[in-house]
Amino acid sequence: MSSSTVITNIATLVTNDPSLERGSPLGLIQDAAVVIDGDHVVWTGESSKAPATDNRVDGGGRAVLPGFVDSHSHLVFAGDRTQEFNARMSGRSYTAGGIRTTVAATRAATDAELEANLTHYLAEALRQGTTTFETKSGYGLTVEDESRALRIAARHTDEVTYLGAHIVPPDCTDDPAAYVALVTGEMLDACAPHARWIDVFCEKGAFDGDQARAILTAGKAKGLHPRIHANQLSYGPGVQLAVELDAASADHCTHLTDEDVDALANSRTVATLLPGAEFSTRAQWPDARRLLDAGVTVALSTDCNPGSSFTSSVPFCIALAVRDMRMTPDEAVWSATAGGAAALRRTDIGHLTPGARADLTLLDAPSHVHLAYRPGVPLVSGVWRSGVRVV
């Protein structure tokens, strides 16, 4: 039998229920309480009106918000790219080619080594409030290595993405068409049973628009839904292709034309922004303000990977988005919770309303604004996932 718990004495509760508050998507409740029964939220409201429950937790005058939804990460990998980062900070530009270093290390790693690395970074993210995460393959680039990456990932999340089309591997650079045939044929057959999504890096140095369309269309035929690395390093066809194929998200979205913004605004495709990548590559920041003002749904994610964004911290990405991408604190928190859920086409997470999964983050601060106001400070003091306190 499940037991009920009330978290009371909450200074600010972020529900992400827009009907509760004008002028903010966060649906804030002051002096609040939230009731968990089993693995779901069953009640929210003012603390003085909370119903009786089996257990009681004193929020201590702190803020509670939905667990962060990290909808873009690359956590099945081995090796280290410290030297590349150091060189980049000394003036070398970032290109897609650095992925090859991680591919070599990942192919050489055992299953146990890859899983240990994955669980290490998942635990790190959980301590920082992330309760749902998506992760991709893409560092094996052989049938065997891609499928084993997905099998490992699927033991830890339902949000698994097949990214055989990360780059053309070094052993196939003389015949990229043959590699596309592999990605859409034998590799897809081996990987599809272990994944929910299919992704492609549509960029100069990776895959062009025609190749990306062929790869994503083949994935859809196998029951995988598209997402896409789009317009990160240059203008290109990625965003338009995402909208054409009803991709759940177009990720990066740094170099956008007016037509790209309009297409996103008139579609279900979420623009997932990954400020850790711009921070770690000293690249141009995505213009979140332009997207939001146009009515585009925006998500924030870490892009945690060993090459271009080696952070598992959603709070850090929130602070970057507010400081450098012209988002308000309310918009950034919404994008890291409800926006991430939208990028995964999930309705059970990213909000704290009756019926939602009981994924909660307790901050050692009275307001969610402190995530941007106090950057770099470990503010997460408690995490519940599916109704169980795990931090």
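1. For the lining counts below, Ala, Val, Leu, Ile, Met, Phe, Trp, Tyr, Cys and Pro count as nonpolar, Asp, Glu, Lys and Arg as charged, and the others, Gly among them, as polar. On that scheme the lining of the largest pocket holds eight nonpolar, three polar and two charged residues.

2. This is a predicted model, in which local features need pLDDT of at least 70 and side-chain atom pairs pLDDT 80 or more, while totals for chains, interfaces and linings use all residues. Numbering runs from 1 along each chain as its sequence is written, and side-chain values use heavy atoms, without hydrogens or water.

3. A pocket is an open set of points on a 1 Å grid over the protein atoms alone, where a 1.4 Å probe fits, with protein on both sides within 12 Å along at least five of seven lines; lining residues have an atom within 4 Å of a point. Points are joined across faces, edges and corners, and a volume is the space filled by probe spheres set on them. The second largest pocket has a volume of about 180 Å³. Of its 14 lining residues, Phe85, Arg88, Ser280, Ser309 and Phe310 are the closest to its centre.

4. The largest pocket has a volume of about 210 Å³. Its lining has 13 residues, with Gln128, Ser313, Pro315, Val377 and Pro378 the closest to the centre.

5. Tyrosine 162 is buried, at a relative accessible area of 1% (buried: under 20%, 1.4 Å probe, protein chains only). The C-alpha atoms of tyrosine 162 and glycine 387 are separated by 30 Å.

Methods
Buried means under 20% relative accessible area, exposed over 50%, partly exposed in between (1.4 Å probe, protein chains only).
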